[in-house]
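Subject: Structure for your review

Dear colleague,

Please find below the structure that I am handing over to you. I would be grateful if you would read the notes that follow with the model open beside them.

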Amino acid sequence: MSLIEINNLKVHYPIRGGFWNRIVDNVKAVDGVTFNIEEGETYGLVGESGSGKSTTAKAIIGLEKATSGTVTYKGKNVIEAENRRRLNYNHDVQMIFQDSLSSLNPRKRIEDIIAEPLRNFEHLSKDAEKLRVLQLLDIVGLDPDALYKYPHQFSGGQRQRIGVARAVATHPRLIIADEPVSALDLSVQAQVLNFMKKIQREFGISYLFISHDLGVVRHMCKNIAIMNRGRIVEMGSREDIYSHPMHIYTKRLLAAIPETNVTHREEHRQNRLKIERVYQEQHQKYYDKENMAFPLTKVSLTHSVALPPDEARQYRQKMNDEGATI
Ligand SMILES: Nc1ncnc2c1ncn2[C@@H]1O[C@H](COP(=O)(O)OP(=O)(O)OP(=O)(O)O)[C@@H](O)[C@H]1O
């Protein structure tokens, strides 16, 4: 059974205008997003800036009100605040933010920052609390003297590790990590990601890993959804997305991953230019009249793609002819 199931989630923001300040339109920040996160897995949600990733995350955790849809945890819809309270959802689901400098209170010492969720949820004795904070610092590779320092006394990578320690303090079941490493240098990124993996092994945590970078997601996620303009345009296993991408938007994102191997650089550049040409010529057919992606079509047991209607029809026909039952 999945740890959490997101079904047809929508977050629309009203646009007001005119003399009466009436609602004249909506920004469809999230428009019918469906996916499940399994126990202990890292699920990747990928897309460019403005595609709706953060709004999806905020609606899942309850920081943003969903317009419609459900988020099911332990059999209950936790879009409803009453269910979140009853299931202790805010204890079980924690978040790591991209910008550690603004998400960690600059006036608080690290001890108090990491202990905050413990104080909210666990009410330990002073000694037990300190011991727990020291263990958490150790897990993310920071010395005990970090306890008495303030966020600005650390590097970006260290601050992000403090954010990881705080998120994991209450032993949550799911951590939503919104662009956790995109503000960091490449070498520091790897370090933080390794700590996240280590913690996952130790505590059996699931992650919803949000990123604009398919290069980073490849190392972290078993299953991935690609988001564009509020909708999922392609979802599947790592193998589906990286070896058999089908949506033009996914292909373009993949072509944008920098090639580190010098001998393949020219080949990679040519491929990127080719994909860009195809994108310019054909991308319109992948979107409807309102410039939104089409509904997803299942192309294998694990892989779904927002294909244009004629291709979707052909795919379904092919599946029927082959007697496939997917
Ligand atoms: N409170 C709001 N009111 C109106 N529109 C909003 C609001 N919050 C977000 N949006 C719009 O919703 C869309 C999705 O934003 P969101 O922040 O979820 O994207 P994102 O993929 O997380 O991008 P980024 O990585 O830049 O944060 C954007 O077009 C954004 O302008």
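A residue is called buried if 20 or more other C-beta atoms lie within 10 Å of its own, and exposed if 12 or fewer do. Please bear in mind throughout that this is a predicted model.

For the chain, by contrast, buried residues make up 38% of the 326 residues.

As to the overall fold, the secondary structure of the chain comes to 13 helices and 12 strands. The C-alpha atoms fill a box of roughly 65 × 60 × 50 Å along the principal axes. Among contacts between residues at least 6 apart in sequence, 64% join residues at least 24 apart.

The surroundings of the ligand may interest you in particular. The ligand is surrounded by Tyr13, Val27, Ala29, Gly47, Ser49, Gly50, Ser51, Gly52, Lys53, Ser54, Thr55 and His212. Two elements, strand S2 (22-38) and helix H1 (53-61), each give two or more residues to this shell. The largest share, three residues, comes from H1. Sorted by class, the shell has three nonpolar, eight polar and one charged residues.

Strand S2 also takes part in a hairpin. Strand S1 (residues 2-17) runs antiparallel to S2, and 13 bridges join the two. Gly17 stands opposite Arg22 in S2. Four residues lie between the strands of this hairpin, in which Gly18 takes a positive phi near 80°.

One further position deserves a note. Ser155 is located in the loop between helix H6 (126-139) and helix H7 (156-168). Is Ser155 buried or exposed? Ser155 counts as exposed because it has 12 C-beta neighbours inside 10 Å, and a residue with 12 or fewer is classed in that way. Ser155 and Val188 are 33 residues apart along the chain, and their C-alpha atoms are separated by 9.9 Å.

With kind regards

Definitions and conventions:
Residues numbered from 1 in each chain as written. Predicted model: local features only at pLDDT ≥ 70, side-chain atom pairs only at ≥ 80, totals over all residues. Near = placed C-beta within 6 Å. Nonpolar A, V, L, I, M, F, W, Y, C, P; charged D, E, K, R; others polar. Pairing = 2+ DSSP bridges. Contact = placed C-beta atoms within 7 Å.
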